[in-house]
Amino acid sequence: MNETSRAHFPVIRRPQRTLTPEEHETVRRTALLNFQGGMIMGIIDPVPNPSPMSEEEGARVRERVWPAFMTEIDRKYPFGFWRWSMCERGTCWNCLAKRCDLCVHRQEGGPHVDDNTDWVYGARGQGVAKVILRTDDAPCVWWCRCPCAKDGPAPDGPAQRRRRAKQAAAAKPEAAPAQEDGAARPDRAAAPRQGRRVPQSVDEAQYTLF
Ligand SMILES: [Zn+2]
Ligand SMILES: [Zn+2]
């Protein structure tokens, strides 16, 4: 994380999606692999940009116009796979698990900036045209939609609590638990590579989500 990159890419605050009980249920039914993929891509709670097409019209196009391979993949994710551009992505997996101290965009000093274009695909999946996704000046970039701060001192989290516990334990040597060894590394060292922090079981992950 460095000051220059943050200065170039100020946080873009976009509204967060609140899942309805029905949507929670849809997320809960997602297969583990797709659930974890969706968490990493920020498409567990995506927010659609305004569109000239209604939701029903969109569904009709997906059903009747999309080639089968797209529909197949799209169906595996709670809110689809192909339809989300970077600026429509939602909350990062750490924030969904209430680990704002590890928000992916805090860890990296910001997101990778997209070039504000995407592709139109032909029936066999080949790219046939570039499409400009946004008409306003905002870059089409994924900033985790969690309202937490993406810079400055990290909020309190288990890593800090473990560190404090270890310091307290060290002050009273007879009480120091041996298994704390290695558990109190600094945050950045404990930070996951992509996907590493996704909870192991789907139930565990989904309970922390809701
Ligand atoms: Zn957060
Ligand atoms: Zn986040």
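**Entry 1: Lys-98**

I began with Lys-98, which lies in the loop between α6 and α7 (104-107). I took helices (H or I, at least four residues) and strands (E, at least two) as DSSP runs, numbered from the N terminus. Is Lys-98 buried or exposed? Lys-98 is exposed, because 12 other C-beta atoms lie within 10 Å. The rule I used: a residue is buried if 20 or more other C-beta atoms lie within 10 Å of its own, exposed if 12 or fewer, and partly exposed in between, with C-beta atoms placed from the backbone. I also noted a positive phi of about 60 degrees at Lys-98, although Lys-98 is not a glycine.

**Entry 2: what kind of model this is**

This is a predicted model, in which local features need pLDDT of at least 70, side-chain atom pairs count only at pLDDT 80 or more, and totals for chains, interfaces and linings use all residues. Residues are numbered from 1 along each chain as its sequence is written, while chains are lettered from A and ligands numbered from 1 in the order in which they are written.

I then looked up the confidence. pLDDT is the predictor's confidence in each residue, from 0 to 100. The protein chain averages 78, and 72% of the residues score at least 70. Over residues 1-7 the pLDDT is below 50, and this stretch has seven contacts in the model beyond near neighbours in sequence. Residues 175-202 also have a pLDDT below 50, with 35 contacts beyond near neighbours in sequence. Two residues are in contact if their C-beta atoms, placed from the backbone, lie within 7 Å.

**Entry 3: the whole chain**

I read off ten helices and two strands in the protein chain. Along the sequence the pattern is α-α-α-α-α-α-α-β-β-α-α-α. Of the 210 residues, 22% count as buried. I looked at contacts with a separation of 6 or more: residues 24 or more positions apart account for 73% of them.

**Entry 4: helix α3**

Which residues of α3 (residues 32-41) are buried? I found Phe-35, Gly-38 and Met-39. They sit on the same side of α3, because they cover an arc of only 100 degrees around the axis. The arc is that of the directions from the helix axis to the C-beta atoms. Just after α3, Gly-42 takes a positive phi of about 75 degrees.

**Entry 5: Phe-81**

Phe-81 is in the loop between α5 (68-75) and α6. I counted it as partly exposed, because it has 19 C-beta neighbours inside 10 Å. Phe-81 touches Ile-73, Asp-74 and Lys-76, leaving out residues up to four places away in sequence. Gly-38 of α3 is 43 residues from Phe-81 in sequence, yet their C-alpha atoms are 8.2 Å apart.

**Entry 6: the core**

How many residues does the largest nonpolar core have? It has 23. Such a core is a set of buried Ala, Val, Leu, Ile, Met, Phe, Trp, Tyr and Cys residues joined through C-beta atoms within 7 Å. Cys-92, Cys-95, Cys-103, Cys-144 and Cys-146 have the most contacts inside it. α3 and α6 (93-96) each supply at least two residues of this core. The largest share, three residues, comes from α6.

I followed Cys-146 further. Apart from neighbours within four places in sequence, Cys-146 contacts Gln-16, Thr-91, Cys-92, Cys-95, Cys-100 and Cys-103.

Trp-119 is in strand β1 (residues 117-121). Trp-119 counts as exposed, because it has 11 C-beta neighbours inside 10 Å. What does Trp-119 touch, not counting residues up to four places away in sequence? I listed Gly-127, Ala-129, Lys-130 and Val-131. Val-131 is twelve residues from Trp-119 in sequence, and 5.6 Å away from C-alpha to C-alpha.

Last, I checked Asp-156, in the loop between β2 (127-132) and α8 (158-171). Asp-156 is exposed, because 11 other C-beta atoms lie within 10 Å. Its C-alpha atom is separated by 8.6 Å from that of Cys-100, 56 residues apart along the chain.
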